[in-house]
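Have a look at the model below before reading on. The notes after it are a quick first tour.

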Amino acid sequence: MSTPLHYFNYQKGVLSTGGCSLTKIAEEVGTPAYVYSAEAFLTPLQEFRQGLQGVDHLICFAVKSNSNLAILKLLGDAGAGMDIVSGGELYRARQAGISDDKIVFSGIGKTAKEMASALQGKTGSIYSFNIESIPELHTLNRVALSLKKKARVALRFNPDVNPKTHPYISTGLKENKFGLHKSEILKIVHTLKELPAIELRGISVHIGSQLLSLSPLKDSFQKLKALLLEIEPHLIIPLEFIDLGGGVGVCYKNERAPSVQKYCDLVQSFFGKTSKQQKPLRILLEPGRVIAANSGILLTEVIYRKERPRKDFLVVDAAMNDLMRPALYGSFHDIVPLQETKRKGKKGQLAELRKTDLVGPVCESADCFGKNRLLPRSLQAGDRLAILSAGAYGFTMSSNYNSRPRPPEILVENGKYRVIREREQFEDLTARESFLTRS
Ligand code: LLP
């Protein structure tokens, strides 16, 4: 089960993961720092694979959720493919040793240059371009023709389903910029002959992220199934796969998210061996958050307690540039002290709690990790905290705002930790800048 404190828990009074104390890591590596658990990344991947047993499948990790090379390698070695959305993510996936036949390329703005690169890997061309518009399909045809290649394609279907999630991460409604409407897909199917370099192999769908109910997914699967039936008779070469996207939500606070098992059961009932489908298609999934979110935390240290009559501010050394989800979406991340006694109080006494805003040093009021939280009054400068559920869309959305070097990333595996991305230094901030005037 994906909960914030499942893989990060108190051992001998100190928040730890996989046998490593986070205090030790903070002492040796400093703060702020992202810490990930390898076991936590691998477990949901195995759950997906188990849940889809009996059907030909490929789990393509959504690289945008956590793109560190060591994480991609870890998942790749365990059999995962990758879902990418840019030339940069393609580069990362290939650097991590992912073979091209396990890469799918989503996104509405693929450039000709990105397409050319995806068509010309060392191991061939990528498994699928998930196409989002008719002009994109024409560009891909042109690029592939010029390289004398064939491009394998899935058409991304916009099923016009409300995923009931934050509007910024909702993608399956007609009004969203994503995917092709049914009429556009039918038009493409009927004019495929005009696109000699395109091999239509699949249909993809992704309606949004952090989905806490299976019912919108069910609606979209239903619409997808109807679409498949409608286009099948018009295809000279039958489809090979469907790509059902990502989106399974996780628990950040007390949400009841669907389990991977339940999600896979739904997939199986629509498209697996038990479904009434004549010949089951290969199933691809693109999960990100459910694999990464509760597999990582952001370690931080209190710099000041700023006391005020109504509530205090705890100023910490992490900021919105390190983890921007709370500032951007108003999203909730639980915050816990590394010392268990600070959380619960000393033996027999309950910790005295105080209404607190946990804020970073950036010059914006949006730089707040938690508003009006009841946190122990005993937390003072020098105490360390973990901002939980930060493994997905944490580091990948970080920036250098306020000229803050980005934090390191640490991976805990087999009882040991290692730095998988070093802390940026001030020199990194200006390495690509110059004030010399051009002659
Ligand atoms: N496939 C496609 C085509 C996507 O656009 C996404 C996410 C995924 C897969 C992975 O979805 P997941 O399994 O992670 O829900 N920055 C936001 C999330 C943006 C999600 C964008 N697309 C956040 O921090 O909540």
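## Ground rules

This is a predicted model, so to speak of local features takes pLDDT of at least 70, side-chain atom pairs count only at pLDDT 80 or more, and totals for chains, interfaces and linings use all residues. Residues are numbered from 1 along each chain as its sequence is written, and side-chain values use heavy atoms, with hydrogens and water left out.

## Around the ligand

Which side chains make polar contacts (N or O pairs within 3.5 Å) with the ligand? Ser-209 has a side-chain N or O atom 2.4 Å from a ligand oxygen, and for Lys-64 the distance to a ligand oxygen is 3.4 Å. Glu-286 puts a polar side-chain atom 2.6 Å from a ligand nitrogen. On its own the ligand exposes 590 Å², and the protein buries 92% of that (Shrake-Rupley areas, 1.4 Å probe).

Now for strands, which are DSSP runs of E with at least two residues, while helices are runs of H or I with at least four, both numbered from the N terminus. Two strands pair if DSSP finds at least two bridges between them. Three of them make an open antiparallel sheet in the order β1-β2-β3. Its edges are β1 (9–11) and β3 (20–21), each pairing on one side only. Between β1 and β2 (residues 14–17) there are three bridges, and Gln-11 faces Val-14 in β2.

## The partners of β13

Strand β13 (residues 296–306) runs antiparallel to β4, with four bridges; Ala-33 has Leu-299 as its bridge partner. β13 also pairs antiparallel with β18 (residues 384–387), again over four bridges, where Glu-301 partners Arg-384.

β13 and β14 form a hairpin with five residues between them.

## Two backbone details

What kind of peptide bond joins Thr-31 and Pro-32? A cis one, with omega about -10°. Pro-32 sits in the loop between α1 (22–29) and β4 (33–37).

Asn-372, in strand β17 (residues 368–376), has a positive phi near 50° though it isn't glycine.

Definitions and conventions: A polar contact is a pair of N or O atoms within 3.5 Å; within protein, one must be able to donate a hydrogen and the other to accept it, and residues adjacent in sequence count only if both atoms are side-chain atoms.
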